[in-house]
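Dear colleague,

Please keep the structure open beside you as you read.

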Amino acid sequence: MTSPEQSDNVSVLSAQALSRTVQGPEGPMTILDDVSLSVAEGEAVAIVGPSGSGKSTLLGLLAGLDVPDHGDVHLLGQSLAALDEDGRAQLRAGRVGFVFQSFHLLPGFTALENVTLALELAGRHGEQDAAAQLLGQLGLGSRLQHYPDQLSGGEQQRVALARAFVTRPVLLFADEPTGNLDAGNGEKTISLMFSLREEFGSSLVLVTHDPALAQRCDRSLSMQAGKLTAL
Amino acid sequence: MNTTSLVRRSLKRDLRDSTLRILMAALIIAIAAVASVGFFTDRVSRALKMQAHELMAADLLLRSSSPVPDAVSAQAASLGLQMAETVNFPSVVLNGQDDSQLVSVKAVSEQYPLRGALSTQTADGATAEVSPAPVPGSVYVEPALMTFSGGAPLWVGELQLSVAREILSEPDRGQGFSELAPRVMMNLADLPQSGLITEGSRARYALLLAGEADALAAFRDWFEAQDLPQLSLRDVDNARPAMARVLRQISTYFGLAALVTVLLAGAAIAMSVGQFAQEQAIAGAVLRTLGARRRWVLRWLFQRLGLIALIALWPGVLLGLAVQALLTLVLGDLFALDLPPASFAPVAYAAAVTLLALAGFASLPVLRAGAVPVVAVLRQGGGRLDSRARNALLLALLTCVVLMFLQTGDWKLVLIMTLALFLVTAVFAIGGAAIYRLLGRLVPSRQTLLRLVLRRRTPLMLLQLSVFGLTLMAMLLIGVVRGDLMRAWEMTIPSDAPNRFLVNVRPDQQTGVQALLEQTLDFDGRLYPVTRARLVSVNGEPAAERYAGNADAEGFLRHDFNLSYSDSAPAHNTLIEGQWWSAPAAENLISVESGFAERLGLRSGDRLGFSIGSQLREGVVSNLREVSWESFQVNFYAITSRAMLEDLPAMYITGYRQGPQQPDITATLARQFPGVTVIDTGRIMQQAQQIMARGSLAVQSVFLFTLAAGIIVLLAAVRSSRAARIRELAVLRTMGASHRQVRASIWLEFTLMGATAGFLAAFFASLTAWLIARQLLEASYHPDPLVWVIGVTGGAVLVGISGYLANRGVLNRAPLAALRGDV
């Protein structure tokens, strides 16, 4: 068993003493209680736990999508506490990828446009070929001009994978990436995600409630009642 | 990254998005409504400005009901101003066959017109764009009289004058009722021999002036220093006050109809942008996870809406142009102006109004969409916007008020309109809710679908019902009820009420006219002496000072009115205060009509001073009379004792009934009594009704926009509640409802809403008509069943079809997908 903060190499992500409390109907509820962790360059870390244990809240704080009540996150060597929301967005651009449970493709854009958008927001224009190539690699070569509502769930999640990896991110956050998929599509998505991660050398923080999926990561951490422990 | 390329890429999809299509339709209707009214009023007002000199045929105009004093002409001449004179009055002319025709005579001096051009043509069709005034012994006539004269000379009073030319256009042609009759233009030099004008005749005299600005200013200064209350001075700024007033009224009424359309469109804009913001909230959050800044996301959202508005501007403007063409066709010739082509100013105004509406109704939802916490992407169903949004409602209300002020420029009117809109909407909503509740009690329990539909009494649904009800009510009032009211009013006119009026009867003709009327028409009335007078003082205080700021009273002070004298009270008047004087009274006594007394705050014992020509006369109010104006008898605001007016020149007037079976004495009167004018009120009423019918058609065409906006509100409301409806129908399907039943429930829901709105509209339209009939016209009004048929059927068909079409897509949804929340 290792500590959540254990890491052998240079860390791309570290969190110190994060805590988060929300106001519930019966008084304050602690969602995260003094959580610390560190993710090394190229490392894949799974965070497992039952529904409502605070996994997604932690992911949001680690990715700078939200701010903790206490503690700080260092993402790619930069303290998030020192940045405002736009600063955090800029830090993520092109370096951090996301895969969501609900895919979250932009409905008004084709598969290719969804992927190209990530490149353009990172200031990399004219790389449409790279986007098309990656989509082709994920078996969507014939779906480039399709809109999200013309794609199946599995295909949508593969477009989301392409969008997450097209910038060759240093770090990828994945939130229950198979939660809305059947077993076959889920397995396919996970295989592609891990192979792309390996190909691009991206670190991975994966939130899941599936222990089998967690085992594919280098390290698994368990979230229980707001506390993070190593498995 | 620049948002522009992203906006461009979003556009293709946005144009196909049903929410944004509704937004675009709302914008198009709002722009079209504002632009059509704007184009029309802009063209007429520019024509008025551009043609102001021509409209007066002069730079400066002096008008009076008596000849302009020589001192005034002498002053104008000394300043080197050009001068022309005109005298206008109604009269009757005869053709070679002794047929008579009521005409509007204009006698002009040789210099006429000083500005603009008199355009005529000869019998052989030779046109002269600039014609001199008619020479003595000849007249020019309008086309209607060419047929009447057959090219032969016309008897104008005691003179027979040849018809020299046909008038094509006359620069200062008036538009009043007395000017409805066709024009006969004669030389001023012929007027004395015609015998048409004697002292006391009802004529309008004008002195036209033109010249250098300095000389005109010097003349104006001199004139203002004189005490000449019987003369009124007009310049290009108030060249046609009556027309300017009509234009102001048209732009206010049409402007308000357009405004109602904009407000309705605003509701549709608010709903569709709210839906758009909801749909874009998560997209914005996803973009921010990918590194986009919040401001960038907002720019992306606002630019898309701006682009949609820009695209909507052009079809809106084109539609507005088409409708203004219709308005011009229907109403344009009322103004008798050459309308200039449409300018761009109304486009800018319509664009500004629409942008304001868009900003006011749309900015807060979009700002809220941009402010969704980015962490919402991690939550199931995250990114829900607060639908209550009090701030958005407040901003929308503020926008409504600003828009209303922009359109009316009158805070009082804005306040009244806001309150009235709230009140009427509330009344319709309460009425609708009551009908639904009542039906809910009456429907048997096995009618599950109907009961379900009746329970959908959401505030939004009641608001939609009010919108349709209000619009239908306006359409019914203008389209159907107006005719009923007109008929009801006509019924109140007694069958023996006079339908012809005789004016300009000279004292020496009085006995002869009376005898002719009695012999041929069983006339039992009398002729009344009439002197034109203006009220100048009350109890020694100048009337202008006493009534300064009192618009109601000032109306009486600006114009001369008819004053008569009599030894006995008119038989059809009722004395309500004081006694009639015993004839012949030696003192100067006055009997005042009660409404006139009320408006001017007059009581028995008050001393009234009148200016009559160049004379001043004073008398004491001795009694008040109630006059039934609807009786169509000859009536007067003030009648004096004989002593007060007898020595002054007067003309006589009377009214008589010309039955269809009786010999038409118009020609006899004109031949035997030159100068006497017969006014056919039946024909004037017919013309007035034609004008009203055209006005109604124009107002209805503007209200069509309101109706269209109502349908768009319905579409927007259906779109915004689409997800909930899909889920509801899916639940019904899972419980065993057939596809046919589900479709029937949609039909039923909207048809019922339309029928209820139509029913309420018919009810309130009939109620309004009844109130108008009872309170204003004092007529009995029997509601036309057609109002109810049109209201209920029209509402049911219109709303039923719109509602069904808007929901068609919902019916094809698989219940499973809907229940998964996959909608």
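The notes below take up the interface between the chains and then the salt bridges.

This is a predicted model, in which local features need pLDDT of at least 70 and side-chain atom pairs count only at pLDDT 80 or more, while totals for chains, interfaces and linings use all residues. Residues are numbered from 1 along each chain as its sequence is written, chains are lettered from A and ligands numbered from 1 in the order in which they are written, and side-chain values use heavy atoms, with hydrogens and water left out.

The interface

Contact (heavy atoms within 4.5 Å) involves 25 residues of chain B and 32 residues of chain A. The size of an interface is often given as the accessible area lost when the parts come together. Here the buried area (the accessible area, with a 1.4 Å probe, that two parts lose on being put together, summed over both) is about 2700 Å², and carbon and sulfur atoms give 59% of it. Of the area that chain B buries against chain A, 26% comes from B:Arg13, B:Leu290 and B:Leu378, more than from any other three residues.

Salt bridges between the chains

Side chains of opposite charge can pair when their charged atoms come close. The rule for a salt bridge (a side-chain nitrogen of Lys or Arg within 4 Å of a carboxyl oxygen of Asp or Glu) finds four across the interface of chain B and chain A. One of them joins the side chains of B:Arg288 and A:Glu85, at 2.4 Å from N to O. Another salt bridge pairs B:Arg9 with A:Glu120, whose closest N and O atoms are 2.6 Å apart. B:Arg9 lies in helix 1 of chain B and A:Glu120 in helix 3 (residues 111–121) of chain A, so the pair joins two chains; helices (H or I, at least four residues) and strands (E, at least two) are DSSP runs, numbered from the N terminus.

Salt bridges within chain A

Over all chains the count comes to 23 salt bridges. The side chains of A:Glu43 and A:Arg219 meet in one, at 2.5 Å from N to O. A:Glu43 lies in the loop between strand 2 (27–40) and strand 3 (44–48) of chain A and A:Arg219 in strand 9 (residues 219–224), so the pair ties together parts that are 176 residues apart in sequence. Are these two residues buried or exposed? Both A:Glu43 and A:Arg219 are buried (under 20% relative accessible area, with exposed meaning over 50% and partly exposed in between, for a 1.4 Å probe and protein chains only). Finally, a network of salt bridges links A:Arg20, A:Asp66 and A:Asp69.
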